[in-house]
Amino acid sequence: MAKETCLCKPTEVLIFPCSGGSNVGQIANEAAKELTTRGFGKMYCLAGIGGHISGIIESTKAAKKIIAIDGCPVSCARKTLEHADCPVTVHVVVTELGIKKSSDFHLNDKDIVKVENAVKEKLKK
Ligand code: SF4
């Protein structure tokens, strides 16, 4: 059987967006990509956590900080991580930043920046 590992290399700060099927889920996803590109951490594989992939869960537990970015208060990313005993250190909910949930995928860059900034602020604490 193939070893359950991911080609993504974990770093000290791992970022898990919910990547949900709504504007706010996709804003979370874009913010995670930007934060990774700018060196604030590394976007990692939430689906691997939900799929109980042992290598991904082990790498996540070894991380210094775990960031969950959820689109809405249902908090799928945070709950998925917690179910796998991966405690979330920073949690941001996109709708709590005044961004309304909808099915319009024409994302606004300002909303993505707002989410990035919220994560950066919480990381400082
Ligand atoms: S947190 Fe909200 S937007 Fe994200 S996947 Fe769950 S229900 Fe969808």
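The crossing of helices H1 and H5 is right-handed; a crossing counts as right-handed if the near helix is turned clockwise from the far one by less than a right angle, and left-handed if anticlockwise. The model is predicted, so local features need pLDDT of at least 70 and side-chain atom pairs pLDDT 80 or more, while totals for chains, interfaces and linings use all residues. Residues are numbered from 1 along each chain as its sequence is written, and side-chain values use heavy atoms, without hydrogens and water.

H1 spans residues 23–37 and H5 residues 109–124. Helices (H or I, at least four residues) and strands (E, at least two) are DSSP runs, numbered from the N terminus. The two helices pack at an angle of about 60°, with their axes 9 Å apart. Axes are lines fitted to C-alpha atoms, for helices over the stretch in contact, and angles run from 0 to 180 degrees between N-to-C directions. H1 is therefore oblique to H5. Angles under 35 degrees count as roughly parallel, over 145 as roughly antiparallel, 65 to 115 as roughly perpendicular and the rest as oblique.

Contact means heavy atoms within 4.5 Å. On the H1 side, Ile-27, Glu-30, Ala-31, Glu-34 and Leu-35 take part. They meet Asp-111, Ile-112, Val-115, Glu-116, Val-119 and Lys-120 of H5. By class, this contact has six nonpolar, no polar and five charged residues. Nonpolar covers Ala, Val, Leu, Ile, Met, Phe, Trp, Tyr, Cys and Pro; charged covers Asp, Glu, Lys and Arg; the others, Gly among them, are polar.

The largest nonpolar core has 19 residues. Such a core is a set of buried Ala, Val, Leu, Ile, Met, Phe, Trp, Tyr and Cys residues joined through side-chain atoms within 4.5 Å. Buried means under 20% relative accessible area, exposed over 50%, partly exposed in between (1.4 Å probe, protein chains only). Ile-67, Ile-69, Val-94, Val-115 and Val-119 touch the most other members. Strands E1, E3 and E4 and helices H1 and H5 each supply at least two residues. H1 gives the most, with six. Beyond four places in sequence, Val-119 touches Leu-35, Ile-67, Ile-69 and Val-92. A second, separate core of 14 residues includes Phe-16, Ile-49, Ile-56 and Ala-68.

Ser-22 lies in the loop between E1 and H1. Ser-22 is buried, at 9% relative accessible area. Outside four places in sequence, Ser-22 touches Lys-101, Ser-102 and Phe-105.
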